Amino acid sequence: QVQLVESGGGLVQPGGSLRLSCAASGSIFSIYLRGWYRQAPGKQRELVATITSGGTTNYADSVKGRFTISRDNAKNTVYLQMNTLKPEDTAVYYCNVRGKLDSRQDFGSWGQGTQVTVSS
């Protein structure tokens, strides 16, 4: 009932930048939390950043000062601006959205994932 479409991944050199987008659609009444997670090969999925409906943000220590999460409520879209990328940022990045459907039922959905590779 909720679809998430991610875009913006790719190959970038160390020190470069990328911007990820995640657009939500479907029978959405409200969204109270949006987030980005990542999973590197052989590792568990980890939190990168979250943003609440009120705009409160939270970041993993490893990305503080380099990544910025933002949202466009009118477009139901969440963004992740990634600057000063490092090889250790290489991973598949997933967006996650939590809220309420038009039926007032809670939902939580994951995007399909987008590959980010940082390499020279």
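A nonpolar core is a set of buried Ala, Val, Leu, Ile, Met, Phe, Trp, Tyr and Cys residues joined through side-chain atoms within 4.5 Å. Keep that in mind as you tour this predicted model.

**Stop 1: the core.** Select Trp-36, Val-48, Phe-67, Ile-69, Leu-80, Met-82 and Tyr-93: these have the most contacts inside the largest nonpolar core, which has 31 residues. Now colour the strands. Those that each supply at least two residues of this core include strand 1 (2-7), strand 4 (28-39) and strand 8 (77-82). The largest share, five residues, comes from strand 9.

**Stop 2: Met-82.** Show what surrounds Met-82. Leaving out residues up to four places away in sequence, you will find that Met-82 touches Gly-16, Ser-17, Leu-18, Leu-20, Arg-66, Phe-67, Tyr-93 and Val-116.

**Stop 3: Thr-114.** Next, go to strand 11 and pick Thr-114. Thr-114 has a relative accessible area of 10%, and because that is under 20%, it counts as buried. Among the residues it touches are Glu-6, Leu-20 and Tyr-93.

**Stop 4: salt bridges.** There are five salt bridges to look for. Select Arg-66 and Asp-89, whose closest N and O atoms are 2.8 Å apart. This pair links distant parts of the chain, 23 residues apart. Arg-66 is buried at 9% relative accessibility, and Asp-89 is buried at 1%.

Terms used
Residues numbered from 1 in each chain as written. Predicted model: local features only at pLDDT ≥ 70, side-chain atom pairs only at ≥ 80, totals over all residues. Heavy atoms only, no water. Buried < 20%, exposed > 50% of the residue type's maximum accessible area, 1.4 Å probe, protein only. Helix = DSSP H or I, 4+ residues; strand = E, 2+ residues; numbered from the N terminus. Contact = heavy atoms within 4.5 Å. Salt bridge = Lys/Arg side-chain N within 4 Å of Asp/Glu carboxyl O.
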